[in-house]
Amino acid sequence: MRIVHYPHPALRHPAASVTNIDKRLRRQVGEMFELMYDAKGLGLAAPQVAMPVQLLVMNVEGDPSRKDAERVYVNPVITKRQGTLDGDEGCLSFPGLYAKVKRAKRITVQAYDLEGKLVTVEAADLEARAWQHEIDHLNGVLFIDKFATLAKLTRGKDIRAFENAFRAAQERGDIPKDAEIERTLHALERELTSSS
Ligand code: CO
């Protein structure tokens with residue numbers, strides 16, 4: 001498992017609902033936390049590790065020793081948004097890229113925890129931003145889609161640099177071609193959502 005970078009097709013592939021919380025999913029959650037901490041992130045969504053399912057992990061403290069701040073949710077839905085919050089945002093699939101993104105200041109989320117229990121979470125500020133960013137990932141939406149006009153202009157070169165690096169890696173054969181990645185994603189989706 002590794003974090004994929006834009007424009008990897010997994011980042012645009014809408015994630016399927018989790019139907020089965022099993023041992024394998026729990027192991028994948030552990031690996032996602034490790035990758036997130038190694039990359040100094042606050043959140044990571046399954047599509048960012050090329051897993052096309054509605055699963056995300058978060059630790060808004062960004063501190064591996066703060067296990068109490070670790071959150072894992074499946075099939076999350078934002079049920080309420082209030083206010084707006086403008087602030088800098090980054091993404092582990094765009095290392096080094098930061099820009100202002102407008103988000104709701106407070107949100108309410110309904111999701112399932114790893115025990116399969118439906119929970120309602122209220123979050124504000126940084127935590128609300130993390131939720132909105134990660135839930136977007138589950139719908140194939142990226143933070144660059146939400147850049148303000150100015151950020152789109154000033155960060156355009158950086159975004160193209162990610163695209164060029166990715167295509168060059170594909171040319172070298174380090175990363176499979178898009179069509180092959182799509183086939184793998186569809187196979188994984190069938191595998192991850194079939195009850196075993
Ligand atoms: Co992200």
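This is a predicted model: local features need pLDDT of at least 70, side-chain atom pairs count only at pLDDT 80 or more; totals for chains, interfaces and linings use all residues.

User: What is the mean pLDDT of the chain, and which elements have the lowest and the highest values?

Analyst: pLDDT is the predictor's confidence in each residue, from 0 to 100. The chain has a mean of 94, and 99% of its residues reach 70 or more. Among the elements, which are DSSP runs numbered from the N terminus (helices: H or I, at least four residues; strands: E, at least two), helix α4 (residues 178-193) has the lowest mean pLDDT, 91. Strand β6 (residues 106-112) has the highest, 98.

User: What makes a residue a donor, and which residues coordinate the cobalt ion?

Analyst: Donors are N, O and S atoms within 2.8 Å of the metal (3.2 Å for Na, K and Ca). Here C91 (SG), H133 (NE2) and H137 (NE2) coordinate the cobalt ion at 2.0 to 2.2 Å, so these atoms meet the definition. Water is not among the atoms, so sites may look incomplete.

User: How are the donor residues spaced in sequence?

Analyst: Their pattern is C-x41-H-x3-H. C91 and H137 link distant parts of the chain, being 46 residues apart. C91 sits in the loop between β4 (85-90) and β5 (98-103), and H137 belongs to helix α2 (residues 125-138).

User: Why is H137 called buried?

Analyst: Buried means under 20% relative accessible area, exposed means over 50%, and partly exposed is in between (1.4 Å probe, protein chains only). H137 has 1% relative accessibility, so H137 counts as buried. C91 is buried as well.

User: What is H137 in contact with, and what does contact mean?

Analyst: Contact means heavy atoms within 4.5 Å. Leaving aside neighbours within four places in sequence, H137 is in contact with L11, A45, P47, Q48, C91 and L142.

User: What makes a space a pocket, and what is the volume of the largest pocket?

Analyst: The search uses a 1 Å grid over the protein atoms alone. A pocket is an open set of points with protein on both sides within 12 Å along at least five of seven lines, whereas a cavity is a set of points where a 1.4 Å probe fits but cannot get out. Grid points are joined across faces, edges and corners, and the volume is the space filled by probe spheres set on the points. For the largest pocket that volume is about 410 Å³.

User: Which residues line the largest pocket?

Analyst: Lining residues have an atom within 4 Å of a point. There are 22 of them, and G41, L42, G90, C91 and L92 lie nearest the centre of the pocket. β4 and α2 are the elements that give two or more residues to the lining, and α2 gives the most, with six.

User: How do the lining residues divide by type?

Analyst: The lining of the largest pocket has ten nonpolar, seven polar and five charged residues. Ala, Val, Leu, Ile, Met, Phe, Trp, Tyr, Cys and Pro count as nonpolar, Asp, Glu, Lys and Arg as charged, and the others, Gly among them, as polar.

User: What is the phi of K40 and of N75?

Analyst: Most residues other than glycine have a negative phi, and most peptide bonds are trans. K40 has a positive phi of about 60°, and N75 has a positive phi of about 50°.

User: Why does T79 count as partly exposed?

Analyst: T79 has 46% relative accessibility, so T79 counts as partly exposed. T79 lies in strand β3 (residues 70-82) and touches T108, V109 and Q110, not counting residues up to four places away in sequence.

Conventions:
Residues are numbered from 1 along each chain as its sequence is written. Side-chain values use heavy atoms; hydrogens and water are left out.
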